[in-house]
Amino acid sequence: MIDSLFMVNESGDIFMEKHWKSVVSRNVCDYFFEAQNKAATPEDVPPVITTPHYYLISAYRNRMYFVAAVGQEVPPLFVIEFLHRIMDTFKEYFGSCSELEVKDNFVIVYELLEEMLDNGFPLATELNVLKEMIRPPSLLRSAVDSVTGGSHVSSTLPTGQLSNVPWRRVGVKYANNEVYFDLVEEVHCIVDKTGSTIFAEIQGQVEVCCKLSGMPDLTLSFVNPRLLEDVSFHPCVRFRRWEAERILSFVPPDGNFRLMSYHITAQKYAILPVFLLLFSVTRAVVR
């Protein structure tokens, strides 16, 4: 799927690259640089750029572009989602996904990319599995590895890699078993000059922090699940039960993860009330 990955900063410098199927020349990024120069803002760069031999699919975050060179036609959103998954993994490992952190941890970055993609196809993308295969960096571990010549890569296969639930490692134990659900929603609306709501919609996410021992099996239900549209689930969710009963049944990963995302169009069921508070601000000149 992905032949090569280039990491580009806002100045147009390629500071890191990784190749899988074949070595793609850096010259292919000239088409991306041309589009970058024409864009008014970094977010305005087209996410998909067609070249004579490759499709350049990119994602932007923290003043960096992740540009994937794809030799065959693939769903662009699939590649963009995977690029954001790589960024999220870097953030979990290094604290932030930035050019400086990537350069400071380039060995672990290459090891992660090698495990996350196999011959250009996604392989291991779950954070729990990756942390068992490649240990997160720390000052003590870096000092020991520099003296002994050790590696961050584990010599054993992750315990959950061969199970039916690869997103959860085996033998998780907590003194206090607890799980937290955070509902994060954004409201997008259009309000006319009289204050009446013309259009309103909601983009929501269910974020979970799971600290449960063993192999828990959870069930989550909604008061009115028919409101949810365009739902997207974590792989742990049993989709057949959701289709049949509109109930979320899942074995959660350990730690923080996004259980689902959804969209609600308010016009279909009720007008979402939106209130505007206008404040008058006067400029004061101090001499």
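Analyst: Happy to. Let's start with a contact: Phe 82, Arg 85, Ile 86, Thr 89, Phe 90, Tyr 93 and Phe 94 of H2 touch Ile 108, Val 109, Leu 112, Leu 113 and Met 116 of H4. By type, the residues of this H2–H4 contact are 10 nonpolar, one polar and one charged. Please keep in mind that this is a predicted model.

User: How is the geometry of such a pair described?

Analyst: In general, one gives the angle between the two helix axes and the distance between those axes. Here, H2 and helix H4 (residues 106-116) pack at about 140°, and their axes are 11 Å apart.

User: Why are H2 and H4 called oblique to each other?

Analyst: Roughly antiparallel would need an angle over 145 degrees. The angle between H2 and H4 is about 140°, so the two helices are oblique to each other. Their crossing is right-handed.

User: What is the span of H2, and what would be expected?

Analyst: H2 covers residues 76-94, 19 residues in total, and spans 27 Å from its first C-alpha to its last. That is close to the 27 Å expected at 1.5 Å a residue.

User: Which residues of H2 are buried?

Analyst: The buried ones are Val 79, Ile 80, Phe 82, Leu 83, Ile 86, Met 87, Thr 89, Phe 90, Tyr 93 and Phe 94. For the protein as a whole, 39% of its 287 residues count as buried.

User: Where do Arg 63 and Asn 119 lie?

Analyst: Arg 63 sits in the loop between strand E4 (55-61) and strand E5 (64-70). Asn 119 belongs to the loop between strand E6 (117-118) and strand E7 (121-122).

User: Is Arg 63 buried or exposed?

Analyst: Arg 63 counts as exposed because its relative accessibility is 59%, and the cut-off for exposed is over 50%. Asn 119, with a relative accessible area of 46%, is partly exposed.

User: How many helices and strands does the protein have?

Analyst: The secondary structure comprises seven helices and 13 strands. Among contacts with a separation of 6 or more, 59% come from residues 24 or more positions apart.

Key:
Residues numbered from 1 in each chain as written. Predicted model: local features only at pLDDT ≥ 70, side-chain atom pairs only at ≥ 80, totals over all residues. Heavy atoms only, no water. Helix = DSSP H or I, 4+ residues; strand = E, 2+ residues; numbered from the N terminus. Expected span 1.5 Å × (residues − 1). Buried < 20%, exposed > 50% of the residue type's maximum accessible area, 1.4 Å probe, protein only. Axes fitted to C-alpha atoms, helices over the stretch in contact; angles between N-to-C directions. Parallel < 35°, antiparallel > 145°, perpendicular 65-115°, else oblique. Left-handed = near helix turned anticlockwise from the far one by under 90°. Contact = heavy atoms within 4.5 Å. Nonpolar A, V, L, I, M, F, W, Y, C, P; charged D, E, K, R; others polar.
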